[in-house]
Amino acid sequence: MHTSHRFGPAPDRARPAVNLATWREAIAAAVVPLEIREKPGVPFQGHLRHTAFDGVGLFELATTAHTVRRTPELISREDSRFYKLSLQLSGHAVLEQDGRRAVLGPGDLAIYDTHRPYSLHFPESSRTMVMVIPQEPVDLTPEQISRVTAICFSREHGFGRLINPFFVELCNSIEQLPDAYGSRLVHSALDLMVTMLAHELDAHREGPSSPTRGLEREVREYILDHLADDTLTPASIAAAHFVSVRYLYTIFSEESQTISAWIRARRLEHIRRDLLDPVYAQRPVSWVAGRWGLHDAAHFSRVFRAEYGESPSAYRRQRLRHDALAPAS
């Protein structure tokens with residue numbers, strides 16, 4: 001194991017350190033506004049490396065001791081919702097959100113939600129990788145995410161032993177990849193993250209509402225496993241789980257989307273990702289849509305345009321041209 005490579009000090013990026021005022025502006029512009037304070041007696045200095053793939057931002061931050069807070073005053077209902085996956089590379093951090101507190105050492109990671117208050121305390125100089133993820137590509141609901149925020153996923157135990165090193169190497173090498181392949185790798189990372197979070201949800205499922213929550217979880221997993229089935233409907237899902245369609249709607253009644261809308265959103269997100277995947281670059285758009293259960297070309301084109309503002313062919317053409325013209329890192 002190349003421990004020194006994984007968790008050593010920040011490599012020399014040949015970029016000057018910035019002061020606190022410049023850092024605040026850079027972070028607010030790149031992600032969301034934050035209250036950032038330096039440690040008394042320790043002038044703030046920070047180095048920032050940033051890249052993005054398909055809407056997912058990847059940041060490497062090397063900083064002196066400081067504190068970060070996302071306060072209620074900084075959060076607007078109109079803000080886009082992002083999740084942040086934070087991986088500690090050197091030094092330590094303390095993350096607090098939703099009544100939980102995670103102490104992170106080198107190789108540990110945790111997730112938090114920018115739509116709710118949180119705080120991060122860095123008591124010493126440290127290096128951190130932060131992945132900033134829009135809500136849309138994450139196959140978990142905000143309510144599910146709220147139950148796994150500010151939990152330390154240690155590099156020493158469970159899924160962290162397998163998954164955390166992947167994120168470390170992603171941080172170390174992502175800039176070397178062309179955009180299209182970088183996007184594929186980032187989406188693989190998101191799938192790994194969701195697997196780890198889902199396992200944590202299962203491990204701590206309890207309380208009086210757990211039967212309904214358990215059925216909701218099973219239904220969502222069933223949907224994700226059967227997205228390619230064009231006969232997937234609320235009726236077929238209800239039958240597969242031996243409940244009525246009315247009860248199925250009741251389970252989803254507290255969500256922002258109906259079950260049919262959630263199925264459509266999941267299908268469209270997978271199709272969108274595949275349209276940009278170099279593995280499927282030579283496949284017709286209709287084949288990609290059919291791969292996820294949408295075989296009616298006219299209907300698919302309408303719902304895709306309604307969701308993303310342009311036809312699937314135009315969406316693919318524009319983004320692949322952008323990737324081809326993007327300068328190498």
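Two strands are taken to pair if DSSP finds at least two bridges between them. Helices (H or I, at least four residues) and strands (E, at least two) are DSSP runs, numbered from the N terminus. The structure described here is a predicted model, in which local features need pLDDT of at least 70 and side-chain atom pairs count only at pLDDT 80 or more, while totals for chains, interfaces and linings use all residues. Residues are numbered from 1 along each chain as its sequence is written, and side-chain values use heavy atoms, with hydrogens and water left out.

Strands of a sheet pair through backbone hydrogen bonds, either parallel or antiparallel. In this model five strands form an open sheet in the order E1-E4-E9-E6-E7, and their pairing is antiparallel. Strand E1 (35-38) and strand E7 (100-104) are the edge strands, each pairing on one side only. On average, neighbouring strands of this sheet are turned by 10° against each other, direction ignored; the axes behind such angles are lines fitted to C-alpha atoms, for helices over the stretch in contact, and angles run from 0 to 180 degrees between N-to-C directions. Within the sheet, strand E6 (residues 93-97) is joined to strand E9 (residues 118-122) by three bridges in the antiparallel sense. Val-94 stands opposite His-121 in E9.

Leu-34 is found in the loop between H2 and E1. With a relative accessible area of 15%, Leu-34 is buried; the term means under 20% relative accessible area, whereas exposed means over 50% and partly exposed lies in between (1.4 Å probe, protein chains only). Leu-34 and Arg-69 are 35 residues apart in sequence, but 5.9 Å apart in space from C-alpha to C-alpha. Asp-98 is partly exposed at 33% relative accessible area, whereas Gly-99, at 84% relative accessibility, counts as exposed.

Most residues other than glycine have a negative phi, and most peptide bonds are trans. Asp-98 has a positive phi of about 55° although it is not a glycine. Asp-54 likewise has a positive phi, near 50°. Asp-54 lies in the loop between strand E2 (46-53) and strand E3 (56-63), and its relative accessibility of 24% makes it partly exposed. E2 and E3 form a hairpin with two residues between them. These two strands run antiparallel and are joined by eight bridges, with Phe-53 opposite Val-56 in E3.

A cavity is a set of points, on a 1 Å grid over the protein atoms alone, where a 1.4 Å probe fits but cannot get out; a pocket is an open set with protein on both sides within 12 Å along at least five of seven lines, and lining residues have an atom within 4 Å of a point. Grid points are joined across faces, edges and corners, and a volume is the space filled by probe spheres set on the points. The count comes to three cavities of 30 Å³ or more. The largest cavity holds about 230 Å³ of space. It is lined by 20 residues, of which Ile-27, Leu-61, Lys-84, Tyr-112 and Val-130 are the closest to its centre. Helix H2 (20-30), E3, strand E4 (66-70), strand E5 (82-90), E9 and strand E10 (126-134) each supply at least two lining residues, and the largest share, four residues, comes from E10. The lining divides into 14 nonpolar, five polar and one charged, where Ala, Val, Leu, Ile, Met, Phe, Trp, Tyr, Cys and Pro count as nonpolar, Asp, Glu, Lys and Arg as charged, and the others, Gly among them, as polar.

The second largest pocket has a volume of about 670 Å³. Its lining has 31 residues, and Asp-139, Asp-191, Val-194, Leu-224 and His-270 lie nearest its centre. Helix H5 (179-203), helix H6 (210-225) and helix H9 (259-275) are the elements that give two or more residues to this lining, and H5 gives the most, with twelve residues. The lining of this pocket comprises eleven nonpolar, seven polar and 13 charged residues.
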